[in-house]
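Hi everyone, thanks for making time today. I'd like to walk you through one chain, so please have a look at it with me.

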Amino acid sequence: MEKRPAHKPGTQPIRCAIYARTATVKKPDEDNSIAQQVGKCKRFANGNEWIVKKDYIFTDTGQSGLTVNSGLKDLMRVAAINPKPFDVLLCTSTDRIARDTSLSIRIDEVLKKYGVEIRFTEISETQI
């Protein structure tokens, strides 16, 4: 995925939230665990000189991607705060946000209304 330009001198750096979800409870070292997803997002943010505050890392463990789960609901409530606390939502792939395309679109539309852009750290097979 291409890098977004780093912030310009004299401007505020881009502030990020992270969302990670697993459908099953996984150990931190298992593929696609919450810890691995968050780590990928943090590395992506650091590579772009973006800031991630630990207060803005939202997770859902053992949750289906067919509904808006509690961690995602919390994230969306925080995104609605004015002034907005973050500019970008980082997630590893589209299927971590939701498994239903129409639900993904609705989530994206709500976040855009709040001025938050969703960025993915990798491209999943469903995006190809």
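I'll go from the overall fold to the cores, then to the salt bridges and a few backbone details.

A word on the ground rules: this is a predicted model, where local features need pLDDT of at least 70, side-chain atom pairs count only at pLDDT 80 or more, and totals for chains, interfaces and linings use all residues. Residues are numbered from 1 along each chain as its sequence is written, and side-chain values use heavy atoms, with hydrogens and water left out.

Let's start with the fold. The chain has four helices and four strands; helices (H or I, at least four residues) and strands (E, at least two) are DSSP runs, numbered from the N terminus. Along the sequence, the pattern reads β-α-β-α-β-α-α-β. Strands β1 and β2 (residues 51-60) run parallel and are joined by six bridges, where pairing requires at least two DSSP bridges between two strands.

Now, the inside. Of the 128 residues, 40% are buried, and here buried means under 20% relative accessible area, exposed over 50%, and partly exposed in between, with a 1.4 Å probe and protein chains only. A nonpolar core is a set of buried Ala, Val, Leu, Ile, Met, Phe, Trp, Tyr and Cys residues joined through side-chain atoms within 4.5 Å. The largest one holds 19 residues, and among those touching the most other members are Y19, L75, F86 and I107. At least two residues of this core come from each of β1 (15-21), α2 (70-79), β3 (88-91), α4 (101-113) and β4 (117-120). Helix α2 gives the largest share, five residues. There is also a second, separate core of twelve residues, including I18, F44, A45 and L90.

What does F86 touch, leaving aside its neighbours within four places in sequence? Its contacts are R15, C16, A17, Y56, L75, V78, A79 and V116.

On to charges. The whole structure has eight salt bridges, each a side-chain nitrogen of Lys or Arg within 4 Å of a carboxyl oxygen of Asp or Glu. K84 pairs with D87 at 3.6 Å, N to O, and R15 is linked with both of them in a network of salt bridges. K84 itself is partly exposed, at 27% relative accessible area. In the pair R96 and D95, the closest N and O atoms are 3.3 Å apart, and both residues are buried. E117 and R119 also meet, at 3.6 Å, N to O; E117 is partly exposed at 31%, while R119 is buried at 12%.

Last, the backbone. Most residues other than glycine have a negative phi, and most peptide bonds are trans. Against that background, the peptide bond from N82 to P83 is cis, with omega near 0°, and P83 sits in the loop between α2 and β3. Positive phi values turn up at N32, near 65°, and at E49, near 60°. N32 belongs to the loop between β1 and α1, E49 to the loop between α1 and β2.

Definitions and conventions
Contact = heavy atoms within 4.5 Å.
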